[in-house]
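Have a look at the sequence and the coordinates before reading on.

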Amino acid sequence: MPNSKGRRRRFGAVRQLPSGQWQARHRGPDGLMYPADKTFPTKTDAEVWLTRKETEILDGDWINPEAGKVLLTDFGTTWIEERPKLRPNTVLLYSYLFRRHIAPYFQAKTIGEIKEAHVRRWRRNLLAFGVSEVTTAKAYRLLRAVLNTAADDGIIRRNPCRIKGAGQEESAERPVLTIPEVYALADAIDQRYRVLVLLAAFTSLRWAELAALRPSDVDLETCTVRVHRQLIEQQGGGSAFGPTKSKAGKRTVMFPAMLKSELLEHLAQIKQHGPDVLMFTSPEGMPLRHRNFRRRVWLPALAKAGHQGVHFHDLRHTGNALTADEGANLRELMERMGHSSTRAALIYLHSSGERQRKLAEAVGKSARAALRKAEQAKKASGTDVARRQRDDLDS
């Protein structure tokens, strides 16, 4: 007769330990034995756990507990390396976010150990230690994506990243410069970059697109710039040319004719170095690096022009806003910005106060014209009635 403390069951087995606690284990679909990750105070509790595990196996929902023992740091690093079609800049961003904001907190935890409470505490700590809401949202989205893959692979049952709204960015609205402010910056900056500032504001090109331009990409007769590549800064130094951010990024953008003379002068200075020279380089003739440009050129220009907190990317934002305020529709904005989705372009279709005033005046002008027309028709109609009455009297 089997020992009552280790009595055999149809599925799995339970036994009482010297401590008085009960242990349960079962055979998995792979034929191996798997013990519960905890002991139970009563035999009934242990048997209930076995019943649940049997149901999971029968329903195909069973998760191998050994699979979840991989460290998040190892899984996340591999996830970034093996993620398909990630652009180099995205790889750099993901690697930085994971290394700086995710790995330090979860470095000793396996995938299977991470619970919703851990994620909530991690996010709260990031914000408490001064990490911006935007960066925190990006880090949360990255962690959620990594753990989504773990769930898809059957490593965990469900993703513990379940904080509503945690992945949404509430970025502060970026400044829109006026035309005089754009030219004040162009006057203040090192003159080798004057045209760079003007093109950024009047073509809405991205930094990486501007940094990759060659003289052959500019057509002064048609006032257009051809965008077909971007400059990708590599981690640890160096850079390489790559395709545009998306298929829609490959485009031709028009600029105002008022820039022709300045572009002509700029091109005349650099064409002597050859047709493949870049439009904009460092003083040493090397491709631009955003961080160096910001520190050595951009920030001093801002101080000289009396501006604070303006990013170079705000010139693109300014150009998009100016184009929208001139009446560009959604499709025209998307083509100019190089976007295949409407989400970013819709940001610029909100009306400014000045635009609202112009629209209101235009509506008022149309209304006044319609009233004048109706009044003239009414007077004309009254004249016709009076004329008919006279004609009746005469007859």
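## The 4-5-8 sheet

Let's start with an open sheet of 3 strands, ordered 4-5-8 and paired in the antiparallel sense. Its edges are strand 4 (218-219) and strand 8, each of which pairs on one side only. Keep in mind throughout that this is a predicted model.

Strand 4 meets strand 5 (residues 224-227) through 2 bridges, again antiparallel. If you want a landmark there, Val218 sits opposite Val225 of strand 5.

## Two arginines on that sheet

Strand 5 also holds Arg226, and strand 8 (residues 251-254) holds Arg251. Along the chain Arg226 and Arg251 are 25 residues apart, yet their C-alpha atoms are separated by 6.2 Å. Is Arg251 buried or exposed? Arg251 counts as buried because its relative accessibility is 8%, under the 20% cut-off. Arg226, with a relative accessible area of 38%, is partly exposed.

Who do they touch? Setting aside residues within four places in sequence, Arg226 is in contact with Leu213, Asp217, Arg251 and Thr252. Arg251's contacts, with residues up to four places away left out, include Val225, Arg226 and Val227, along with Ser204, Leu205, Arg206 and Glu209. Also among them are Arg316, Glu335, Arg336, Met337 and Gly338. The side chains of Arg251 and Glu209 are joined by a polar contact of 2.9 Å.

## Strand 6 and Gln230

Glu209 turns up again in the surroundings of another polar residue, Gln230. Gln230 belongs to strand 6 (residues 230-233), and at 8% relative accessibility Gln230 counts as buried. What does the side chain of Gln230 have within reach for a polar atom? The backbone oxygen of Pro243 lies 3.1 Å from a polar atom of that side chain. Not counting residues up to four places away in sequence, Gln230 touches Arg87, Ala208, Glu209 and Ala212, among others. The contacts of Gln230 also include the run of Ala240, Phe241, Gly242, Pro243, Thr244 and Lys245.

Strand 6 is covered on both faces: Gln230 and Ile232 on one side, Leu231 and Glu233 on the other, are all buried. Its partner is strand 7 (residues 239-242), paired antiparallel over 4 bridges. In that pairing, Ile232 stands opposite Ala240 of strand 7.

Strand 2 (residues 22-27) and strand 3 pair over 3 bridges, with Arg25 opposite Pro35 in strand 3.

## Helix 6 and its cover

Helix 6 (residues 179-188) has Val182, Tyr183, Leu185, Ala186 and Ala188 as its buried residues. A reminder on geometry: an α-helix has 3.6 residues a turn, so residues three or four places apart point the same way.

## Cysteines

How many disulfides does a search of the whole structure find? The search comes back with 0.

## The whole chain, and where to be careful

The protein has 14 helices and 8 strands. Of its 395 residues, 37% count as buried. Among contacts with a separation of 6 or more, 60% are between residues 24 or more positions apart.

Mean pLDDT for the protein is 85, and 87% of the residues reach 70 or more. The part to treat with care is residues 1-6, where pLDDT stays under 50. The model has 7 contacts beyond four places in sequence for residues 1-6. Where pLDDT is low, the predicted coordinates should not be read in detail.

Note on methods:
Residues numbered from 1 in each chain as written. Predicted model: local features only at pLDDT ≥ 70, side-chain atom pairs only at ≥ 80, totals over all residues. Heavy atoms only, no water. Buried < 20%, exposed > 50% of the residue type's maximum accessible area, 1.4 Å probe, protein only. Polar contact = N/O pair within 3.5 Å; in protein donor to acceptor, adjacent residues only side chain to side chain. Contact = heavy atoms within 4.5 Å. Pairing = 2+ DSSP bridges. Disulfide = S-S within 2.5 Å. pLDDT = per-residue confidence, 0-100.
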